[in-house]
Amino acid sequence: MEGVFVSDLIQPVRERAKFPKRVYVFDTTLRDGEQTPGVCFTLEEKMEIARKLDELGVDVIEGGFPVNSEEETETIKRIKGLGLKAKICGLARCVTADVDACLKADVDRVHIFIATSDVHLKYKLRIDEARALEQAIAATDYVKAHGLECEFSCEDATRTPLKRLLKFYRGVEEHGADTHNVPDTVGVMEPEAMFSLISTLKMELKKPISMHCHNDFGLAVANTLAGVKAGASQIHTTVNGLGERGGNASLEQAVAALTAMYRVKTGIKLGLLKEVSKLVERFSMIKLTPNYPIVGDNAFAHEAGIHVHGVLAKAECYEPFAPEMVGQKRRIVMGKHTGKHAVASFVREKYNLSDEQIRAVVERVRNLTVSKKKIVEGDVVAIVEGVLGSVPESERAAELDEVLIMTGNKITPTASVQLTFDKSKRVAAGVGTGPVDAVARAIQSALGEEIKLLNYKLEAISGGTDSLCSVEVTVEDRNGKTATGLAIGGDIVMASVNALMESLNRIYSKRR
Ligand code: KIV
Ligand code: ZN
């Protein structure tokens, strides 16, 4: 597969596997994903996520558990009303009221479930196996009598004796169930065992098999893939792996692996994965860890010297596939592991500098890595600008002569500045939401023009209240000219003022 650099050792695995022609993605971000502690999507958010999931190409959207509330039913109905390509599904226990709520929500598919393991039957449902089977069959009949698709789950399937599991799946199949979903409810499976279980089910049952894996041991995606290798043709996933406890199988990871490792087709437009992940991150307010595979911020970031050198020479050295394939971008992060060589080649690649200028940039980047934890591209840009366009002392348009800042409880942060601008002295004052804001306003007022603050980044370099900090400021003038200033110091406010003055002088220098 072009642009994919996975191991050749997978080839025999691909040949042995009983992959289906295409894998259908059943996304449960809006149902199991919303069961993540602390996550609660609004109606509008659910509709927007559903639209995005549809654009992404998922086949089924589980919109929620309608019997939960009138609002939940209404939300699913509204999602259905969007007229998406994806089928809309609602969850229901094997009881009439739950299925009725799904009917009211106007879903295409009802996902009915009943627990089948000993522990669930005995302690949670307090019914015996025969009663549970009766309920499963009655619910299947009820769904099918209303002409809807029926997906059936044995909850806690992976802790249910195989004979019993087969009895339930066969029973509902005979009554018209369309899909057999196999939930690893507590995430207690491992790939070999899952392969074996799904192979048996596949042999014994006629209807398509679906995977629903939880991530309690971090194996949800591996178990999902093992099921697909054994012939399961549908996978339940959530965006960003949201879900109860350790979460569900991550849509991004499962689909990327199916495509890149196994070359199995899905309907997913991989290029939208990052965008969808970001949207769900924002609405769920669950921030992804930077090292989250496929869509995390560091998934295609390189810092260590050897890696940066290798990736710049040939991306394949340290990337399994091009970041653009999943809507990501490669990032080179300069840090203490970045060798001089790597910094030089990074800078050479991006800017047209002389060898002497490159040496100067490398030197400054290296010095900065001693005090700053993470050097991002913006820092390098500021350094390059500094080397290229360092505004000589004599040519600096604005010089801050004096600054006085007052802040505290019960007073509005206020600053007064005296500065020299084009050789004339100017004095002004400003108030703001904080000391930095107040001084920025005072400086702008002294200069007599409004400058837009595009970016303000503050980073503590070491722990403790006496920590050094680094501030990066990017400004834009009324003509759209932008410049970045960088300053380091022990005083947050003064480092911010210095970074701002640096960026302003760069703007004036660019104008000239
Ligand atoms: O994990 C689980 O068992 C479930 C069921 C409702 C299918 O989410
Ligand atoms: Zn689940």
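Predicted model: local features only at pLDDT ≥ 70, side-chain atom pairs only at ≥ 80, totals over all residues.

Student: OK, so is Lys124 buried, exposed or partly exposed?

Tutor: Lys124 counts as partly exposed, because its relative accessibility is 44%.

Student: And which side chain does Lys124 meet in a salt bridge?

Tutor: That of Glu155, at 2.7 Å from N to O. The two come from distant parts of the chain: Lys124 sits in helix α5 (residues 118–125) and Glu155 in strand β5, 31 residues apart.

Student: Is Glu155 buried or exposed?

Tutor: Glu155 has 16% relative accessibility, so it counts as buried. Glu155 is also one of the residues around ligand 1.

Student: Let's stay with ligand 1, then. Which residues are around it?

Tutor: The residues are Arg31, Asp32, His111, Phe113, Ser153, Glu155, Pro183, Thr185, His212 and His214. By type, that shell divides into 2 nonpolar, 5 polar and 3 charged.

Student: Which side chains have polar atoms close to an oxygen of ligand 1?

Tutor: Thr185 has a polar side-chain atom 2.7 Å from a ligand oxygen. For His214, a side-chain N or O atom lies 2.9 Å from an oxygen of ligand 1. With Asp32, the distance between a side-chain N or O atom and a ligand oxygen is 3.2 Å.

Student: How much of ligand 1 does the protein cover?

Tutor: The protein covers 94% of the 260 Å² of accessible area that ligand 1 has on its own.

Student: And which elements give two or more residues to that shell?

Tutor: Those are β4 (109–115) and β5 (149–155).

Student: Switching to the metal. What are the protein donors of the zinc ion?

Tutor: For the zinc ion, which is ligand 2, they are Asp32 through OD, and His212 and His214, each through NE2. They lie 2.0 to 2.1 Å from the zinc.

Student: How are the donor residues spaced in sequence?

Tutor: The pattern is D-x179-H-x1-H. Asp32 and His214 are 182 residues apart, with Asp32 in the loop between β1 (24–27) and α2 (43–56). His214 is in the loop between β7 (209–213) and α9 (220–229).

Student: Why do Asp32 and His214 count as buried?

Tutor: Asp32 counts as buried because its relative accessibility is 3%, and His214 does because its value is 4%.

Student: Back to charges. How many salt bridges does the count come to?

Tutor: The count comes to 34 salt bridges. Some are linked up: Lys87, Arg109, Glu149 and Glu151 form a network of salt bridges.

Student: What does the side chain of Arg478 meet in a salt bridge?

Tutor: Glu449, at 2.7 Å from N to O. Arg478 lies in the loop between β15 (469–476) and β16 (482–489), and Glu449 in the loop between α16 (435–447) and β14 (452–460), so the pair ties together parts that are 29 residues apart in sequence.

Student: Are Arg478 and Glu449 buried or exposed?

Tutor: One of each. Arg478 is exposed, with a relative accessible area of 60%, whereas Glu449 is buried at 12%.

Student: With which side chain does Glu449 make a polar contact?

Tutor: The side chain of Tyr508, at 3.3 Å.

Student: What about Arg506 and Glu502, where do they lie?

Tutor: Both lie in helix α17 (residues 492–511), 4 residues apart, which is about one turn of the helix. Arg506 counts as buried, with a relative accessibility of 7%, and Glu502 is partly exposed at 23%.

Student: Last one, the overall picture. How many helices and strands are in the chain?

Tutor: The protein chain has 17 helices and 16 strands. Its C-alpha atoms fill a box of roughly 90 × 55 × 40 Å along the principal axes. Of its 512 residues, 52% count as buried.

Terms used
Residues numbered from 1 in each chain as written. Chains lettered and ligands numbered in written order. Heavy atoms only, no water. Near = heavy atom within 4 Å. Polar contact = N/O pair within 3.5 Å; in protein donor to acceptor, adjacent residues only side chain to side chain. Areas by Shrake-Rupley, 256 points an atom, 1.4 Å probe, with all protein chains shown as cover. Nonpolar A, V, L, I, M, F, W, Y, C, P; charged D, E, K, R; others polar. Salt bridge = Lys/Arg side-chain N within 4 Å of Asp/Glu carboxyl O. Buried < 20%, exposed > 50% of the residue type's maximum accessible area, 1.4 Å probe, protein only. Donors = N, O, S within 2.8 Å, 3.2 Å for Na, K, Ca; no water.
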